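Hello,

I am passing a structure on to you, with the sequence alongside. Have a look at it first, and then read on for what turned up.

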Protein chains: 2
Amino acid sequence: MTSPAVLAAVDWGTSNLRVWLLDAAGDVIAERKSGEGMSSAGAKGFANVLEEHLAAMSAPEGLPAIVCGMAGARQGWVEAGYLDLPARISDFAKAATPAPGARRAVHILPGLAQRSAAHPDVMRGEETQIAGADLGGGTHFVCMPGTHSKWVRVEDGAVASFHTAMTGELFHVLASQSILRHSLGDAPDAGAPTAAAFKTALEEMLAHPERLTSALFAIRAGGLLGNVPAGDAAATLSGLLIGAEIAGAVSASPGMHVVTLVASGGMAKRYAAALATAGLLVNLVDADAAVRKGLFEAGRRLYLSGASA
Amino acid sequence: MTSPAVLAAVDWGTSNLRVWLLDAAGDVIAERKSGEGMSSAGAKGFANVLEEHLAAMSAPEGLPAIVCGMAGARQGWVEAGYLDLPARISDFAKAATPAPGARRAVHILPGLAQRSAAHPDVMRGEETQIAGADLGGGTHFVCMPGTHSKWVRVEDGAVASFHTAMTGELFHVLASQSILRHSLGDAPDAGAPTAAAFKTALEEMLAHPERLTSALFAIRAGGLLGNVPAGDAAATLSGLLIGAEIAGAVSASPGMHVVTLVASGGMAKRYAAALATAGLLVNLVDADAAVRKGLFEAGRRLYLSGASA
């Protein structure tokens, strides 16, 4: 009674791997998650890791697979290159690179490169979320928050420009390696987006983003002088960094009034609240659904378009 | 023929210790430098460390000592507290705290605290450089660059307000702990302030400081796409962080046209060039001379004012 699997869809990031078996409608038949990201999968071999997961899911022999993310980096399975901007979303699949060694057809999608001397940038994996966000024609501004948050302008089905804010990595590095670690405690949690400390910090950066590097030190000074609780310190750090990110995106994106926010869970709530505070309208797209849909669309073009061999 | 020592002046920071023997005119008779900063001196005992250095300099028995810096922190020799703002420079000495255990009178100068809910801040050591900068009456804006750069407004002999930018620490943490380490190499050096990469990054931040967290990622992307040399990456990182610091200071300091820059060596050259690029006039004061002079003034008030016991 269940529909048969027609595609294995694989989101292979730096730290994590997710595999789905999808049917002809793109619906999920089975799903696996693993910590065997790009950084660790090399030891066992990327093809072996993927085959193990597919075997555990009873994937049919010969089921083709489509992969996005850091598995296509130089240090990954096979380097899948970059498409230059402007990059038509419908062209992503035909630029995919075959990956060797698996017992089936496997293609890895390319990343995107903005080869600008003033604002060079790269992405790998997020382009597939964009493809799955169903943007349609016209101009769209897409925010994909995370370790390296991506802000993307899409014009009539093509990625026109983007920039990356190091928000998530800055939070992690400052919380664990800088003097702020004394104020944030051992397991810093940015907390709820409704926290007063988050909102105050966010609003300060939206008004004065040029004060970021001194507002960071005020977290430490506030702890020394006033016994700010560790929870408030973490919420403040999160609010400062997200506020600075949004202020930078607003400055770099004239005409941005609506933001397509591609995110899930607590991250989605935090950014939705922050974008609203900045006066932006939010169109929320679930990140997990978007990457799956982007992979399915690319797989359909590559393997299932009826042009049989 | 040489003048006798009347004071031991001690600048005791987190990582380093400097001791001078000064004569009645405040001139240097002898100098010692050591890596026995606040972080490491506790093991041997602060009094023992100081006495060893003074013995090695043949300091007269009973020569009084005056100390500034992190030796007065909670984790230091003895907590020397903070003076609240506005803090008259001439009041620093009378708020000094006696330090126990040495074979002589030792006082540690207090830090300064800005107990503002919106912009809490602290300093410890830099207040003594301010005291030694001979500012005179009127309004002065003082920049003291470093791990935690201080920007201070002095009004008619009193510290009125200040803020701290985490510039030096951000450079270190990003260069060694973030993804930028792949672009900067093992021994990143910010290079000459005349480097084109430094100037380009500086000017970008002076014009668009709100783009700091995305300009940081562009260092990595530029390395991936264009083989930016490691030297350029380090100069870019330095230019971005110093540019953001100066943009923040300009925003926080209405009416600032002349900056008293208290710095030495390469740091002085880099900031002098950066401040000039930002359109500010620079009045350079050597940081080493300033801290010595500030310590001498405080020691004179405490021990040498003619009010013999």
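To start with a question: how many residues of strand S2 (residues 17-23) of chain A are buried? In this predicted model, seven of its seven residues are buried, so that the strand counts as mostly covered.

With strand S1 (residues 5-12) it pairs in the antiparallel sense over seven bridges, and A:Ala5 stands opposite A:Asp23. These two strands form a hairpin with four residues between them. S2(A) is joined to strand S3 (residues 28-34) by six bridges, again antiparallel, with A:Lys33 as the bridge partner of A:Arg18. The hairpin of S2(A) and S3(A) has four residues between the strands as well, and A:Gly26 there takes a positive phi near 85°.

Now for the second largest pocket. Its volume is about 1,500 Å³, and 44 residues line it. Nearest its centre lie B:Gly13, B:Thr14, B:Met70, B:Glu126 and B:Thr147. By class, the lining has 17 nonpolar, 16 polar and eleven charged residues. Elements of chain A and chain B each supply at least two lining residues, including helix H7 (212-226) of chain A and helix H10 (287-303) of chain B.

Best wishes

How values were computed: Residues numbered from 1 in each chain as written. Chains lettered and ligands numbered in written order. Predicted model: local features only at pLDDT ≥ 70, side-chain atom pairs only at ≥ 80, totals over all residues. Heavy atoms only, no water. 1 Å grid on protein atoms, 1.4 Å probe; cavity = no way out; pocket = protein on both sides within 12 Å on 5 of 7 lines; lining within 4 Å. Points joined across faces, edges and corners; volume = space filled by probe spheres on them. Nonpolar A, V, L, I, M, F, W, Y, C, P; charged D, E, K, R; others polar. Buried < 20%, exposed > 50% of the residue type's maximum accessible area, 1.4 Å probe, protein only. Pairing = 2+ DSSP bridges.
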